[in-house]
Amino acid sequence: MTQQSVATADKLDAAVLKVAGVVVLGAIMSILDVTVVSVALPTFQSEFDASYARVAWTMTAYTLALATVIPLSGWAADRFGTKRLYMVALALFTIGSGLCATADTIGELIGYRVLQGLGGGMLMPLGMTIMTRAAGPHRIGRLMAVLGIPMLLGPIGGPILGGWLIDTASWHWIFLINLPIGVVALIYAQMALPKDAPEPSESFDFVGMLMLSPGLALFLYGVSSLPEAGTFTEAKVWAPMLVGGVLVVAFVLYSFKPRHPLLDLRLFRNRSLTIASLTLFVFIIAFMGAGLLFPSYFLQVRGETTLAAGLLMAPQGLGAMITMPIAGTLADRVPIGRTVPFALGLIVVGFFSFTQVDPQTSYWLLGGSLFVMGLGMGGTMMPIMTSALRTLQAQEVARGSTLVNILQQIGGSVGAAVMSVILTNELNGSRPIPGLVDESGKPVTEAGLAIASQQRPELLQQMPVDPSIIERGLDFAAKSFATTFWVAFALVVLTFIPAALLPRRRQPAQLDDPQGELVKTPVVIH
């Protein structure tokens, strides 16, 4: 075969691009939905009269649902066929989006987000499977470049789109916008995707799933109930934490028994996988948890519109857009033990500014800090995930990819729950205003009124108070955010410990197929 014919064979032809279009549509919906909701949390607080820890469950429940279905998607794709399952996932996500827009209570919204997450969690891994089959392993690099577009644009476009929709219409539209995209994607999938050929698959570990998912949900629910209860002795705090903890421990002990466990913890015998997974897990808890609070600071302390908060978050996405492709190239040439600590250093430098925030902190400083953090983030996540998989044997890669992706989703859930609990607990310490109570009869605090007045200035006309009280409340709120950011900052610094153990020498890749060619396995990022 001539060089020209090889180059032609490597190009993505019209048939492959047609299939890729379906997958990109699904990826845009799934990825945008995570980032769009991040700017809506303060809106949910005022709309549903709920604490930050409570509304953060709209993110926590979504990511837990993602984690639940990631291992299910591979088994179900073999059992029922990828096209059929992909269309079911699209339908679930679209129906869940429509239901979210109808929610009258925060509980309903959280429940509908779970349904949405069950669909969204299958879209990316199934999409990668569909594209790999359509193009073949030798073109997976080019396919990753195509899929990289929504992955890179999501962190920038999501907050801006969410902010614009909330400001110009209402919060309902951050979900309703998925309906026309979902309908188009369903029709497109029916026309473009090849017919299914289901085949028998290995057994699925339903017992493991019934222990891990409820266990994590119960444990995190107990943690998130702490600010409202005020003490661990309340049954609503310790009871779900205890039951959830027991289920998670039982899952860990059980998972070594089945031939095909939900999570193959035996893979942690591989030192490279263990170190990379631990580094990623600690980093995700800190960075994703704190990342939810950045727009909330702009909205609640600085009084910005939701669109402005989304625009202020854009530098972070721009920074990641610059370094992510560079880091992907370097990961094949330079040991990540030499590059990841440098990228983490950029995150630490950028993060420090947020530990010092007050009601007047310069936007130039914060924007520059977010840009530097984005540069670091782009150079951290993909190399760590690649390192986690590259020393595995070919037959271990699918299970390793599932393990790493679920750890990522669990880390995001834990981070969202923990950081929102710390912030809520800090804000609860604000001084109550004598004689002022809210609709439920609870005392109104200085920080609570100051935050509410930033979003609804008319409140100060309805309940005239001394301006110094609002000033004190904003100072207290800013310090509460700064304290929470200090916790996240400390966790990012702790990430240097496992990162110091990452390989500093070139590692031989083990992902060989029987013919000796390197098998490139896609890594799913939400």
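Start with the whole chain: among contacts (heavy atoms within 4.5 Å) between residues at least 6 apart in sequence, 80% join residues at least 24 apart. This is a predicted model: local features need pLDDT of at least 70, side-chain atom pairs count only at pLDDT 80 or more, and totals for chains, interfaces and linings use all residues. Numbering runs from 1 along each chain as its sequence is written, and side-chain values use heavy atoms, without hydrogens or water.

Color by secondary structure. There are 25 helices and two strands, taken as DSSP runs (helices H or I, at least four residues; strands E, at least two) numbered from the N terminus.

Color by burial next. Of the 526 residues, 54% count as buried, meaning under 20% relative accessible area with a 1.4 Å probe and protein chains only; exposed is over 50%, partly exposed in between.

Select Phe44 and Phe351. They touch the most other members of the largest nonpolar core, which has 126 residues. Helix α5 (residues 57-80) gives this core its largest share, 13 residues. A core here is a set of buried Ala, Val, Leu, Ile, Met, Phe, Trp, Tyr and Cys residues joined through side-chain atoms within 4.5 Å. Now show Leu436, Leu449, Ile469 and Leu474: they are among the eight residues of a second, separate core.

Move to helix α11, residues 206-224. Buried residues in α11 include Gly208, Leu212 and Leu220.

Finish on helix α10, residues 178-192, and pick Met191. Met191 is exposed, at 65% relative accessibility.
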